[in-house]
Amino acid sequence: MKIHRAVVLLVMMLVAVGALVLLTAAGIANFDSHSLIALVVVIVAAAISGAAFSWKRYGRRN
């Protein structure tokens with residue numbers, strides 16, 4: 001069951017990244033370097049917090 005959850009989580013993350021890329025593709029030309037850096041920081045922070053939450057909740061179960 002853990003593998004199924006991991007696969008579903010991975011697919012959801014890939015869909016989210018794909019949607020983010022598609023939705024911001026037109027606006028990227030208008031971004032400056034600070035905006036892109038801020039976007040990357042937010043995405044990385046969200047990924048880390050999501051992974052930490054999942055690990056805490058589903059990880060080390062007895």
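Val-7 counts as partly exposed because its relative accessibility is 45%; the class lies between buried, under 20% relative accessible area, and exposed, over 50% (1.4 Å probe, protein chains only). This is a predicted model, in which local features need pLDDT of at least 70, side-chain atom pairs count only at pLDDT 80 or more, and totals for chains, interfaces and linings use all residues. Residues are numbered from 1 along each chain as its sequence is written, and side-chain values use heavy atoms, with hydrogens and water left out.

Val-7 lies in helix 1, residues 2–24. Together with Ile-3, Val-11 and Val-15, Val-7 makes a nonpolar surface patch of about 380 Å² (residues with over 30% relative accessible area and no salt bridge, nonpolar side chains joined within 5 Å; a salt bridge is a side-chain nitrogen of Lys or Arg within 4 Å of a carboxyl oxygen of Asp or Glu).

## Lys-2

Lys-2 is also found in helix 1. Lys-2 counts as exposed because its relative accessibility is 51%. Between the C-alpha atoms of Lys-2 and Tyr-58 there are 7.9 Å in space, while 56 residues separate the two in sequence.

## The whole chain

The protein chain has 2 helices and 0 strands (DSSP runs of H or I, at least four residues, and of E, at least two). Of its 62 residues, 5% count as buried. Its accessible surface is about 5,500 Å², and 75% of that belongs to carbon and sulfur atoms (Shrake-Rupley method, 1.4 Å probe).

Notes. Patch = residues over 30% accessible without salt bridge, like charges linked within 9 Å, V, L, I, M, F, W, Y side chains within 5 Å.
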